[in-house]
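Thanks for taking a look at this one with me.

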Amino acid sequence: MADILKAVKGMNDILPASVPRKDKLPDSALWRWFERTVDSVLARHGYHYLLTPVVEPTSLFVRGIGEATDIVEKEMYSWTDAMNGDALTLRPEITAGIVRSMVEHNALYNGPLRVWSIGPVFRHERPQKGRYRQFFQLDVEALGYAGPDVDAELILMVRRLWEELGLVVGQHVRLELNSLGQPVERAAHRAALVTYFEAHAEQLDEDSRRRLTTNPLRILDSKNPAMQALVEAAPKLAEHLGAESRAHLDAVCAVLDAAGLPYKINPRLVRGLDYYNLTVFEWVTDQLGSQGTVCGGGRYDGLFEQLGGKPTPAIGFGLGIERLLLLLQELAIPVPGAAPDAYAVIGEGVPLPPVLVALDALRAAGVSVQMNAAGKDGPGSMKSQFKKADASGARFALVFGASELAAGQVVLKSLRDGAGAQTLRDLATVPAWAADLLPA
Ligand code: ATP
Ligand code: MG
């Protein structure tokens, strides 16, 4: 027998819940429910869907994300195209590609645009729970908006998403917020940081020592526990913010306060990408160990110009889908609509055509119905079909018996509350009673 092939390390299959698996990855029903919820929430906020390629020129990320970031330094899957020598990269995030696309198509010609996308991104990291080499991001961008109104709207939209997914804000997920100010303010802060870290150079790890010259702000983003005390006591950007930057943050906070959304100002929140300014935020959870950030974003008013476009203020966020779904799974949040409404139990010797016609009529009326398609030998014993009906989670069984079917009828049997209760229904009038099978 030929060898079994396996998926590439750190890249996962997302499978139906019925497939037994050793890893804890989310199943596809949870995945699709998340996507449906996102669809609905984003539509209500005026966001438009778009797709950009998974492969982009390497220079897009070097220019867009910043050379001295973890991603560009060591996490990108990059190669040279053997045919034409192009330097290409599997996207490690989606924002840069969206901005590239918007500039290329002059997409903001008619005014600002709210857009979103979902797709795989690739980072060469050490795989562990909540950290993979291929993972999926929901990416949401408000392009051409200077804020702070849209900043607050965007953050409230994420809260709406949490609530519709059954997450309790403040308990399951918490909001952290900061302002990165403007480039001149950051320059002043940077100078203060360099002075501080140079004075404590002996306590810096190798990465941080290098970053002292390339990008000292990144040292604040260090995950090395040995450096936490040093980082904690470093000069704060807040001390260098001017009146306008402060007012921008205050205006965002005023909306969050009015909306009763609790948050923590975290002066150490700098984000892993270089392009941010003013508002930055993360949604974190305590339930996933060290992979605690489920969603992170911020304002990036300079990125369009950096990528050759006109000056365009913008804000957005990326949400790690696997990580978020792990959280939903951990909290055992039930997936609505994962089970069918009804399961067809077909008697022995019952002719197939009228049964399938009846099931089609129910589906046309919006009911989800399953049957056991066991091939030419028929659907199996009633007992085994009832077992399957139970296992499917269906609330009802539709029992097709020979004599009922001959009279144009089916037995509707409840499998849940009031289990066993049954009524006869006319197959000629399915639309009139189909709604009885739908969830309340
Ligand atoms: P982290 O600090 O955990 O490395 P990050 O700052 O690199 O996160 P972003 O670039 O902001 O992450 O990406 C947005 C979201 O994508 C994160 O908040 C997280 O939920 C998710 N994410 C990031 N890296 C991974 C990964 N390797 N595997 C799975 N999800 C990830
Ligand atoms: Mg990272």
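**Notes on a strand trio and a helix**

1. Let's start with a pair of strands: E5 (residues 113-122) and E6 run antiparallel and are joined by 10 bridges. To find one of these pairings on screen, go to Phe 122, whose bridge partner in E6 is Gln 134. Please keep in mind that this is a predicted model.

2. E6 has another partner too. Strand E11 (residues 314-320) pairs with E6 over seven bridges, again in the antiparallel sense. Here a handy landmark is Val 140, which stands opposite Phe 317 in E11.

3. How enclosed is E6 (residues 134-143) by the rest of the structure? Nine of its 10 residues are buried, so E6 is largely enclosed.

4. Now move along to helix H13, which spans residues 382-392 and has Gln 385, Ala 389 and Ser 392 as its buried residues. These three lie on the same side of H13, because they cover an arc of only 65° around the axis.

5. What does the buried side of H13 pack against? Its buried residues meet two strands, E12 (342-346) and E13 (369-371). On the face turned away from that buried side, you will find the exposed residues Lys 383, Lys 387, Asp 390 and Ala 391.

6. One last stop is just after H13, where Gly 393 adopts a positive phi of about 85°.

Note on methods
Residues numbered from 1 in each chain as written. Chains lettered and ligands numbered in written order. Predicted model: local features only at pLDDT ≥ 70, side-chain atom pairs only at ≥ 80, totals over all residues. Heavy atoms only, no water. Buried < 20%, exposed > 50% of the residue type's maximum accessible area, 1.4 Å probe, protein only. Helix = DSSP H or I, 4+ residues; strand = E, 2+ residues; numbered from the N terminus. Arc of directions from axis to C-beta. Contact = heavy atoms within 4.5 Å. Pairing = 2+ DSSP bridges.
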